There are 6 protein chains.
Amino acid sequence: MAKALCPGSFDPLTYGHMDVIERAARVFDQVYVTIFQNDAKNPLFTVQERVEMCREAVAHLPNVTVDAYHGLLVEYAKRQGISIVVKGLRAVSDFEYEFQMAQMNRRLDAELETFFMIARPEHAYLSSSIVKTIARFGGSVTGLVPPHVESRLLRKFGRSV
Amino acid sequence: MAKALCPGSFDPLTYGHMDVIERAARVFDQVYVTIFQNDAKNPLFTVQERVEMCREAVAHLPNVTVDAYHGLLVEYAKRQGISIVVKGLRAVSDFEYEFQMAQMNRRLDAELETFFMIARPEHAYLSSSIVKTIARFGGSVTGLVPPHVESRLLRKFGRSV
Amino acid sequence: MAKALCPGSFDPLTYGHMDVIERAARVFDQVYVTIFQNDAKNPLFTVQERVEMCREAVAHLPNVTVDAYHGLLVEYAKRQGISIVVKGLRAVSDFEYEFQMAQMNRRLDAELETFFMIARPEHAYLSSSIVKTIARFGGSVTGLVPPHVESRLLRKFGRSV
Amino acid sequence: MAKALCPGSFDPLTYGHMDVIERAARVFDQVYVTIFQNDAKNPLFTVQERVEMCREAVAHLPNVTVDAYHGLLVEYAKRQGISIVVKGLRAVSDFEYEFQMAQMNRRLDAELETFFMIARPEHAYLSSSIVKTIARFGGSVTGLVPPHVESRLLRKFGRSV
Amino acid sequence: MAKALCPGSFDPLTYGHMDVIERAARVFDQVYVTIFQNDAKNPLFTVQERVEMCREAVAHLPNVTVDAYHGLLVEYAKRQGISIVVKGLRAVSDFEYEFQMAQMNRRLDAELETFFMIARPEHAYLSSSIVKTIARFGGSVTGLVPPHVESRLLRKFGRSV
Amino acid sequence: MAKALCPGSFDPLTYGHMDVIERAARVFDQVYVTIFQNDAKNPLFTVQERVEMCREAVAHLPNVTVDAYHGLLVEYAKRQGISIVVKGLRAVSDFEYEFQMAQMNRRLDAELETFFMIARPEHAYLSSSIVKTIARFGGSVTGLVPPHVESRLLRKFGRSV
């Protein structure tokens with residue numbers, strides 16, 4: 001089985017992302033976790049910080065590599081010889097947005113196939129933005145993100161680790 | 001029946017909010033209408049203005065108090081000894097967002113229960129943001145918000161009352 | 001806090017139902033678990049069997065009683081002096097149907113309030129009908145329904161316990 | 001403006017249907033209220049009864065005629081020279097089903113256009129099947145269907161009028 | 001058949017918009033394509049540029065005129081003597097937002113009717129914002145927007161045509 | 001890449017099913033198209049007829065085999081050494097049902113992964129039941145199902161081919 005792409009903002013990576021990455025790594029020979037830089041969003045972490053957090057999180061998965069790209073997903077996939085995109089779905093609103101993206105990507109590159117995995121039920125409420133809100137107000141994000149991501153969040157919001 | 005929390009931005013309070021507050025006040029001994037200050041949003045009214053508008057709107061309800069908080073909902077609920085959150089639901093998009101928040105709040109505090117009430121059909125289209133859009137362009141918001149909120153909106157957008 | 005009604009078909013009762021009943025029993029003084037007999041459906045268990053299964057399941061909850069009724073929910077609620085209905089919501093399709101029922105019930109009796117609780121994530125996929133399908137084909141329903149319900153399902157489908 | 005078709009089962013006609021028919025009759029020159037006989041459903045009223053109920057309900061609308069058809073909607077529309085179908089939408093589940101039907105009808109006849117009108121909020125919970133359930137159990141359907149439909153429902157369920 | 005209004009941001013106009021406009025132009029005597037200026041959004045094209053792009057796109061449709069308005073839709077419709085709004089629906093999220101707007105517009109002006117047309121399946125994934133994202137990163141938008149809109153997008157993002 | 005399962009009723013197979021099967025056959029080494037016999041449904045075609053129609057449809061795909069099974073999907077997958085299920089998604093209602101099934105299947109067998117592919121836009125309205133409705137009333141299903149399925153439908157509804 002060829003290469004698979006797990007695209008995202010990963011601002012920051014959560015255990016919801018980790019679940020999808022680990023399940024993809026069991027099925028595919030090679031998994032690319034790639035941070036796409038969306039100009040429209042105002043991220044909390046720099047691309048470099050996000051790459052570092054992802055690298056540390058997938059260090060135990062030999063067939064997973066972390067990358068960042070400023071450009072279209074279809075362009076990146078073509079360059080890397082990737083023909084499968086893997087995305088997690090949590091809810092109906094995810095579904096509609098991802099449906100739009102998958103249809104558009106197939107239009108831009110007919111060879112590119114998107115596979116959706118349904119998130120574990122316990123991650124259905126988990127998102128990077130809810131994690132940032134909790135951390136901003138001093139709530140605990142233990143169990144929502146890996147420990148090294150939690151440390152970075154605490155530092156970012158000026159709390160001692 | 002213990003205390004219930006009606007959280008929100010209330011920027012400004014609408015008759016949709018009032019309906020939920022009044023229905024909650026019939027069921028629960030004590031209802032807290034609490035303005036949570038979300039850094040991400042750019043509000044039209046200051047927290048102080050919103051507190052004043054809510055206070056005037058619930059003056060006839062002896063078991064309802066108005067408050068404001070800068071922090072996590074679960075933290076506020078714990079401080080006040082509140083174990084029930086009451087929210088109105090209008091539509092599917094509400095449902096998904098509120099589902100996420102309720103699941104996350106239960107994770108942060110297992111004792112905190114969220115009850116959803118379905119909005120009256122005639123309020124299904126009513127939101128603070130649609131009220132602001134109408135008022136901004138000089139449309140009438142009579143019947144959508146209490147008269148004292150309408151006056152404040154007119155003044156905010158530079159119209160004589 | 002007055003009486004609350006947990007209506008349903010309970011054909012059979014699942015751990016999803018139990019979660020809603022137990023959470024309601026912590027909040028309300030008295031909880032009525034009531035089996036409504038819908039002529040349109042073709043149930044697997046008789047009303048009497050369903051009452052027995054529910055009774056056994058809630059035996060540890062002193063403020064919960066089990067009942068059955070052939071008629072409209074609003075009529076039953078009025079007879080019992082109940083003003084609050086409690087329902088679990090799992091997904092968007094639930095939401096739309098329950099929205100319709102709650103609106104109709106409020107129209108038939110303006111005093112009757114419906115509160116929705118969001119199902120635990122791990123019960124989001126759980127329904128009586130999926131439990132029956134699994135049991136029919138000999139799959140294990142351990143962990144989806146209480147042990148005494150599992151025994152009844154096995155007997156119903158002609159398997160030794 | 002040419003002819004418009006309001007298709008349905010009308011088993012029985014409700015005030016939700018009436019609202020769509022009346023709004024269509026204000027916009028279009030000629031409106032056809034047509035009962036399509038779906039073999040799959042098990043109707044409460046015969047086609048003849050449904051035609052009678054619809055005729056009585058639209059008697060005050062000079063540009064509305066009532067009809068019944070056993071066959072495909074696109075075929076009927078072609079025969080009558082109708083190029084516009086008008087449907088009411090209440091909720092998301094309506095939307096998906098109607099989307100499917102409208103797409104399929106356009107595929108079968110590229111000239112046939114479907115226009116959707118959003119139901120009044122107070123009809124969002126109203127359906128023929130909920131009306132039948134209420135009437136079956138002796139609840140009041142006054143205000144949900146026209147008086148002559150209510151009388152027919154009472155007789156159908158063996159209650160004196 | 002009277003006048004119909006196709007409102008939007010048209011930032012920029014896509015073939016999805018064109019499909020709705022052309023279908024409306026076949027049914028209605030006069031179609032107004034009107035750019036509403038929403039203060040909240042940060043558009044890519046100026047109102048003047050958007051008017052020009054729309055004018056060029058509908059030049060072959062004798063009964064379609066292009067306009068821009070800074071104010072409420074209901075106000076504009078009243079001034080122009082328009083009683084019908086035509087909107088395209090792509091997905092569930094569209095549906096909820098458009099439902100809200102249509103209900104609010106009917107409340108502000110009871111005479112104003114909104115008709116929804118379902119987008120062609122091949123346009124279900126098409127939006128102005130996805131077109132802008134593709135163009136920003138140098139992807140091809142041929143077949144998604146008219147050629148003259150494509151040229152404007154290329155110039156806007158500093159690419160030679 | 002291991003084996004993949006395309007489960008369904010296939011009553012009858014449509015071009016929507018074919019699209020998913022062909023896309024799966026490009027990605028996976030071996031694809032099982034398996035008809036699951038659901039007691040609850042009242043099929044138009046016998047299992048044997050459906051197997052024959054599927055076999056003829058996939059004859060050009062060397063790595064696709066057709067099978068039928070009376071039992072649980074997880075059980076079948078285990079017997080055949082299949083760890084991946086592939087399903088097509090058309091709309092939100094599909095999503096919720098398939099979400100439920102995928103979660104339940106993972107619970108019954110933690111090794112079983114479900115991948116969802118989004119249907120081509122032109123198949124978004126296509127289903128076996130809509131095909132049967134059209135054929136029943138004598139409409140053309142050319143282009144919706146393969147020619148040999150169309151012939152079978154015509155014969156089933158007593159029309160000469």
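A salt bridge here is a side-chain nitrogen of Lys or Arg within 4 Å of a carboxyl oxygen of Asp or Glu. The model is predicted: local features need pLDDT of at least 70, side-chain atom pairs count only at pLDDT 80 or more, and totals for chains, interfaces and linings use all residues. Residues are numbered from 1 along each chain as its sequence is written, chains are lettered from A in the order in which they are written, and side-chain values use heavy atoms, without hydrogens or water.

**Stop 1: chains F and A**

Select both chains. There are two salt bridges between chain F and chain A. Zoom in on F:E113 and A:R23, whose side chains form a salt bridge at 2.6 Å, N to O.

On the side touching chain A, α1 (15-27), β4 (84-89), α4 (92-108) and β5 (113-118) of chain F each give two or more residues. The largest share, eight residues, is from α4(F).

Next, show the whole contact (heavy atoms within 4.5 Å). Chain F supplies 26 residues and chain A supplies 26 residues.

**Stop 2: two helices in chain A**

Select residues 47-57 and 147-156 of chain A, helices α2 and α6. Their axes lie 10 Å apart, at an angle of about 155°. Axes are lines fitted to C-alpha atoms over the stretch in contact, and angles run from 0 to 180 degrees between N-to-C directions. So α2(A) is roughly antiparallel to α6(A), a label for angles over 145 degrees.

Show side chains. Helix α2(A) makes the contact through A:E49, A:E52, A:M53, A:E56 and A:A57. Helix α6(A) answers with A:H148, A:V149, A:R152 and A:K156.

Technical notes
Helices (H or I, at least four residues) and strands (E, at least two) are DSSP runs, numbered from the N terminus. Angles under 35 degrees count as roughly parallel, over 145 as roughly antiparallel, 65 to 115 as roughly perpendicular and the rest as oblique.
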